[in-house]
Amino acid sequence: MIQPWHGLIEQYRDFLPVSEKTPVITLNEGNTPLIKASHIHEVVQGEIDLYFKCEGANPSGSFKDRGMTMAISKAVEEGAKAVICASTGNTSASAAAYSARAGLGAIVIIPEGKIAMGKLAQAMIHGSMVIQIEGNFDDALKIVKELVARQNFALVNSLNPFRIEGQKTAAFEVCDQLGSAPKYHALPVGNAGNITAYWKGYGEYQSSGRIDGLPKMLGFQAAGAAPIVRGHPVGKPSTVATAIRIGNPASWKGAEAARDESGGVITDVTDKEILDAYAFIASKEGIFCEPASAASLAGVIKLSQRGFFSSGDTIVCTLTGHGLKDPDNAIQLSKQPLKVDAEISVIEDVLKGCCI
Ligand SMILES: *Cc1c(COP(=O)(O)O)cnc(C)c1O
C-alpha cells in the first residue's frame with residue numbers, strides 16, 4: 001500500500017518545535033520529487049550525478065509552503081488574529097493559502113510592478129489584503145517590521161524562526177530520498193532563509209545519526225542582486241529572477257555560516273546564465289521551474305566550467321518554485337506559436353522538415 005503522507009509536520013515532528021497542543025495547519029506540503037537529470041552532460045563537464053529537488057510541486061507551487069505550515073500553525077497556537085509579510089511573491093502566495101486554510105486574516109506587502117503574475121493571482125484569490133508599495137522588497141520588509149512592532153500581527157517572513165524550522169525538512173527529504181547527503185547542494189539565494197534552513201537540516205540529520213557526511217553548500221545570487229558576493233547591501237537590486245531580487249538579505253549571516261562551515265561557495269550568475277539554465281531545464285529535462293530556481297543549475301554550470309567538480313560527485317539542485325508562476329518570462333523566451341489557416345495541407349507544409 002502507498003504510505004499516506006500527512007504533511008511535513010507529521011512526518012518530521014520529532015525535529016520540529018511543535019507539541020500535541022499545536023494545531024497543525026497543513027496542505028500536505030513536502031514529499032516533493034527528487035528527479036535525476038538526464039541530459040546534464042550536455043552542459044556540465046565530467047561524470048556527475050545531478051538531481052533536481054522539485055519544490056514547485058508543493059501545494060502553492062514553491063518551497064515557501066514548508067516554512068508556512070510551521071509559521072501559520074504556530075501563529076494559530078499563539079492566538080494571532082492576522083499574519084503579515086513582505087514578499088517578492090511566493091511568500092505572499094503561500095501565506096495567503098495557509099491563512100485561508102486556518103481562517104486567519106493575511107496582509108501582504110509587495111513591491112510595485114515586479115511581482116510575477118501567477119503569484120499575485122494566488123495572493124488575491126485566497127483573499128488576503130494585498131498592498132503594493134512604491135518601493136522594492138527591502139522597503140516592504142522594513143515597513144512590515146515596523147507594523148509588527150506596533151500591531152498584534154504575526155510576522156511570517158523568514159525572520160520568523162518557525163519558517164526556517166519548516167524549510168529545513170527539505171534537507172531531511174533529500175537524505176531520505178538519496179540514502180545519504182549529496183556531496184554538494186546548490187540553491188538560489190535571495191533573502192537567504194533557505195540556504196540557512198538546508199544547512200540546519202543537514203546538521204540535525206547528521207547529529208541524529210541519520211547521515212554520516214554533510215554536503216558543501218553552493219549558493220547563487222543574481223549578478224544584479226548579489227549583496228553577499230559583493231560584501232555590502234545593494235541599493236537597487238535588479239534581475240529577471242524576481243524571487244531573488246533582494247539587496248539586503250535578512251539571513252545574511254546564516255548564509256555565510258552555511259558557506260563557511262560546509263566549505264562551500266556563494267557566487268553570482270548573470271541573468272543570461274539564469275535564463276539559459278531555465279530554458280535548458282524546461283526543454284531538456286521536462287521540468288518547468290521559475291527563473292530564480294534556475295540560478296541553482298546556472299551556478300553549477302558556471303562552477304563546472306572552472307573544473308570545480310570531480311567525476312562521481314553527487315549534486316542536488318533545489319528548483320525552488322513552479323514555472324507557471326511566471327508565464328510572462330516563459331512566453332517571452334520561447335518561439336511564438338505559428339498562425340496559419342485551419343487547413344491540413346497548410347499545416348503539413350509547415351511541419352515539413354520538423355518532426356514528421
Ligand atoms: C523565496 C524564493 C527564493 C529565495 O529564497 P531565500 O530563502 O529568500 O533565499 C528563491 N526562489 C524562489 C522561487 C523563491 O520563492
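**Entry 1: the ligand**

I began with Gly-190, where a backbone N or O atom sits 2.8 Å from an oxygen atom of the ligand. I am working from a predicted model. Next I checked Ala-192. Here too a backbone N or O atom lies 2.8 Å from a ligand oxygen atom. Then I turned to Thr-320. This residue uses a polar side-chain atom, 2.7 Å from a nitrogen atom of the ligand. I also looked up how much of the ligand is covered. Alone, the ligand exposes 380 Å², and the protein buries 96% of that.

I then listed the surroundings. There are 16 residues around the ligand. Those that come nearest are Lys-64, Asn-90, Gly-190, Asn-191 and Thr-320.

**Entry 2: Ser-158**

I found Ser-158 in the loop between strand S6 (154-155) and helix H6 (161-167). Is Ser-158 buried or exposed? I noted a relative accessible area of 9%, so Ser-158 is buried. I looked up its contacts, leaving aside neighbours within four places in sequence. Ser-158 touches Arg-163, Ile-164, Asn-191 and Gly-193.

**Entry 3: a surface patch**

Which residues make the nonpolar patch of about 340 Å²? I wrote down Leu-338, Val-340, Ile-347 and Val-350. I followed up Val-350, which I located in helix H14 (residues 344-351). Its relative accessibility is 36%, so I logged Val-350 as partly exposed. That class runs between under 20% for buried and over 50% for exposed.

How values were computed: Residues numbered from 1 in each chain as written. Predicted model: local features only at pLDDT ≥ 70, side-chain atom pairs only at ≥ 80, totals over all residues. Heavy atoms only, no water. Patch = residues over 30% accessible without salt bridge, like charges linked within 9 Å, V, L, I, M, F, W, Y side chains within 5 Å. Areas by Shrake-Rupley, 256 points an atom, 1.4 Å probe, with all protein chains shown as cover. Salt bridge = Lys/Arg side-chain N within 4 Å of Asp/Glu carboxyl O. Helix = DSSP H or I, 4+ residues; strand = E, 2+ residues; numbered from the N terminus. Buried < 20%, exposed > 50% of the residue type's maximum accessible area, 1.4 Å probe, protein only. Near = heavy atom within 4 Å. Polar contact = N/O pair within 3.5 Å; in protein donor to acceptor, adjacent residues only side chain to side chain. Contact = heavy atoms within 4.5 Å.
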